[in-house]
Each structure stands twice: as structure tokens, then as C-alpha cells.
Amino acid sequence: ALPGCGCGRETFDLIRWLARTQNDPRKAVAELVQNSIDAQARHVLVERRRVGRARALMIRDDGQGVLPELEREEALCYIATHIGHSRKLGLSPRERHERVIAGKYGIGLLGFWAVGRRMEMRSRVAGSPLAVLHLVEDRQSAELVTQPALIGAAETYTEIVVLDLHDAALRPLSGRRLADYLAAELRGPLLQSGVDLEVHDAMARGLAQKRFTVVPRRFEGERLALPDEVPVEGHEPMRVELYLARGAERPAIQVSCAGTLVADDLCELKALGFAEPPWVGRAVAGVIDFVGFTVPPGTRRGVVPDRAAAAFARALYGLGEKIEAELARLDRERRVAADRQVVKELRRALRGLGERMPQYDLPEVTPGERAVAGEAEPGPG
């Protein structure tokens with residue numbers, strides 16, 4: 001057995017509370033998949049199935065592995081004793097605690113509490129023996145064992161198995177619901193990484209679909225000619241991808257933080273004041289990504305209205321005029337195209353009409369005429 005988490009009891013209890021207060025177990029799964037993407041995986045499999053009599057959810061990836069520069073026992077021991085710690089940042093325990101409170105960390109491995117009662121993290125790198133880390137709900141200690149890898153197992157892989165799924169988690173984690181959620185929640189990371197993500201549901205009943213390829217949503221409509229990046233004072237620029245989605249049932253501008261959704265619609269961030277055109281009511285859809293947001297811990301939805309959010313709002317207000325100009329340009333182009341189509345249909349209808357009805361004195365229609373509204377008639381010469 002390993003000692004308690006290196007973050008200390010206070011931070012451990014805080015992360016436990018965050019895991020418990022999550023109202024959607026799919027968020028915990030999304031974070032585990034995000035870890036796989038961060039490990040440069042090319043293929044990630046999420047599977048709901050039974051292991052013995054236990055209902056289980058498994059996430060397996062072919063990434064570079066957990067702390068691949070370390071021996072497997074050392075790597076998993078480090079993971080177990082540094083809950084809430086970023087090894088790359090080298091933060092102190094107090095800094096880790098503050099970042100958890102500020103929402104800068106997700107709930108990480110302890111997020112499995114929102115899904116099930118037990119978790120096994122299995123890690124193999126470069127043909128090493130298989131190391132397995134056992135975590136149990138509400139226990140601050142962990143158990144680490146090593147065992148031979150199965151014959152034919154990949155040289156490098158990471159597998160997380162959450163066992164004894166909670167009853168409340170079964171429905172949200174069904175294949176279709178989970179695949180649709182991951183496609184939306186991780187749209188940015190999936191598109192940027194090109195990872196192949198699949199969801200298999202071996203617990204689906206009867207003839208129900210059991211295999212799903214997670215395809216990140218690509219927005220429909222005409223892309224607005226806007227800068228891909230917009231400067232934000234004192235912060236990294238925001239990324240902008242917006243479309244004119246005519247005819248869409250509920251067009252909305254999504255907001256994300258480092259690729260993870262924090263709002264399904266910009267107008268949900270009421271404190272920032274975007275409940276008016278062109279942000280709503282103008283059939284504009286797409287996504288705006290800003291890494292500087294502070295996200296409320298546990299929910300992974302909404303943003304804290306701090307200085308970073310205020311700087312984001314100022315920068316986005318400045319983009320509003322460009323959006324209005326783009327919408328006006330597209331509207332003019334649509335009207336001109338419609339006028340041309342009307343003239344084309346009229347010419348087709350009137351062609352040969354004089355020969356069929358010689359008793360009427362009809363005007364001559366020639367291919368060279370321009371009757372489209374807004375176009376000047378050709379001058380002499």
C-alpha cells in the first residue's frame with residue numbers, strides 16, 4: 001500500500017468533494033480521455049462492459065504512457081502520491097491547492113468517484129512489466145502491484161478501468177449518449193490532435209447499436225471572414241471560428257477554455273453581457289476559445305467574472321462590428337444571387353414564347369441584357 005496523497009488531506013478532501021458534486025459522470029470520462037490526448041495517443045477506446053459480475057467502464061489508449069521517462073512502479077507511485085499536482089509546472093502543495101480551488105485543475109484520476117467505486121490504472125511502456133494502481137472510493141491510500149503483460153499486448157499502452165459503476169451513471173454512460181457528449185465536449189482537442197476515438201457499449205441490449213465512432217462536430221454554414229485569432233490584453237489571444245448558419249434550428253456560439261467547453265451558448269455567460277445581436281438572433285454559430293478563463297471547480301461550466309473574463313469581453317466587443325459587417329456582406333451577396341436566379345428563371349420561361357404566341361407583341365429577350373438589381377446597364381461602346 002502507498003501512503004496518502006502528497007497534496008495533503010485538505011486538498012484530498014477538496015478534490016473528493018469536487019468529484020462528488022459533479023452532476024454528470026461523462027465529465028469525468030471526458031477528462032480521462034483528455035489525458036489520453038495529452039499523452040499523444042493516436043487511438044482511444046472507451047468501452048462499457050462487464051468484468052466478472054462488475055459493471056465497468058474502460059478507457060484505453062496507445063499514447064506515450066504515464067511519465068514514460070520513469071520506471072512503471074515509480075511513475076504510478078508518483079501519480080498516486082501527487083493528486084492535483086502538475087509535474088511540468090513544479091508547484092508547491094499550497095499552489096496546487098489554490099489552483100484546484102480556482103478551477104485550474106480538473107478532478108483528474110479521483111474523478112472516477114463520479115463514475116464508480118473502484119479504479120485500476122494499468123500502465124506499460126516499451127515492453128515493461130505491467131504496473132497496476134488500485135484506487136478505492138473514499139480511501140486516501142492506494143495499492144500498486146506489477147504483473148506480467150498478456151501475450152500479444154501492446155508494448156506501450158495505458159488503460160483505466162472503473163469498476164462497480166454507480167446506478168446513476170449507467171444511463172449517461174450508454175454508448176450513444178457518451179459518444180455524442182465527447183464529440184461536443186472535446187471538439188477542439190479532437191480536431192487538433194486527429195485522434196481516433198471510439199465508444200463501444202457491450203452492455204447495450206438486443207439489437208441496439210454497440211459501436212460508435214466519435215466525430216467532432218463541424219459547424220455548418222458560411223464561414224465568416226474574421227481573424228482566426230483576436231488579441232486579448234494581458235492574455236493569450238482568443239481563437240475564433242464563426243459561421244452564418246441560416247436555417248439552423250438553434251444556432252449558438254459555443255465558448256471553450258483550452259478546447260474544453262465552458263458554455264454551450266455565449267449568452268449563458270450573463271455576467272459578460274452578450275445577450276444581444278450579433279451574439280444572439282443573427283443565426284451566427286461556431287466556437288470561441290480562450291485559455292485565460294477561470295472555470296468554477298467541479299462544474300466545468302461557466303467562467304469566473306474576473307479580470308481575464310473582463311479582458312475577453314472587451315476584446316470580443318471589438319469584434320462585434322466586424323461580425324455585423326460580415327453579415328451585411330453575406331446578405332448583399334445572397335440578395336444579388338437571388339435576383340440573378342429570378343432573371344435566369346424568367347429568361348428560361350420566356351424563351352420561344354414569341355414563336356408560340358405570334359399574335360402578341362412581346363418584348364425581345366436577349367442574352368446580353370442585364371436585369372439584375374444593383375447592376376449597371378452596359379454603356380455605349
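An open sheet of mixed pairing is formed by 8 strands, in the order β5-β4-β3-β6-β2-β1-β7-β8. Two strands are said to pair if DSSP finds at least two bridges between them. Strands (E, at least two residues) and helices (H or I, at least four residues) are DSSP runs, numbered from the N terminus. The model is predicted: local features need pLDDT of at least 70 and side-chain atom pairs count only at pLDDT 80 or more, while totals for chains, interfaces and linings use all residues. Residues are numbered from 1 along each chain as its sequence is written, and side-chain values use heavy atoms, with hydrogens and water left out.

The edges of the sheet are β5 (143-147) and β8 (211-213); each has a single partner strand, so one side of each is left without a neighbour in the sheet. On average, neighbouring strands are turned by 15° against each other, direction ignored. Angles run from 0 to 180 degrees between N-to-C directions, and axes are lines fitted to C-alpha atoms, for helices over the stretch in contact.

Consider next the strand pairs. Strand β1 (residues 43-51) pairs with strand β7 (residues 196-201) in the parallel sense over 6 bridges, and Arg-48 stands opposite Asp-201 in β7. Strand β2 (residues 54-61) runs antiparallel to β1, and the two are joined by 8 bridges; here Val-44 stands opposite Asp-61 in β2. β1 and β2 form a hairpin with 2 residues between them, and Gly-52 in the turn has a positive phi of about 65°. β2 is also joined to β6 by 6 bridges, the two running antiparallel, and Leu-57 has Val-162 in β6 as its bridge partner. Strand β4 (residues 130-136) and β5 run antiparallel, joined by 5 bridges, with Leu-144 in β5 as the bridge partner of Leu-133.

β2 is mostly covered, since 6 of its 8 residues are buried. Buried means under 20% relative accessible area, exposed over 50%, and partly exposed in between (1.4 Å probe, protein chains only). Ala-56 is found in β2 and is buried, with a relative accessible area of 1%. Not counting residues up to four places away in sequence, Ala-56 touches several residues, among them Glu-47, Arg-48, Val-161 and Leu-163. Contact means heavy atoms within 4.5 Å.

Now the helices. Helix α2 lies across β1, β2, β6 (157-165) and β7, running at about 30° to β2. Helix α6 packs on the sheet, touching β1, β2, β7 and β8, and its direction makes about 160° with that of β7. In helix α3 (residues 72-81), the buried residues are Arg-72, Ala-75, Leu-76, Ala-80 and Thr-81, and these pack against β3 (116-124), β4 and β5.

Two packed helices are described by the angle between their axes and the distance between the axes. For α2 (residues 25-38) and α6 (residues 175-185), the angle is about 60° and the axes are 10 Å apart. α2 and α6 are therefore oblique to each other; angles under 35 degrees count as roughly parallel, over 145 as roughly antiparallel, 65 to 115 as roughly perpendicular and the rest as oblique. The contact is made by Arg-26, Lys-27, Val-29 and Ala-30 of α2 with Arg-177, Leu-178, Tyr-181, Leu-182 and Glu-185 of α6.
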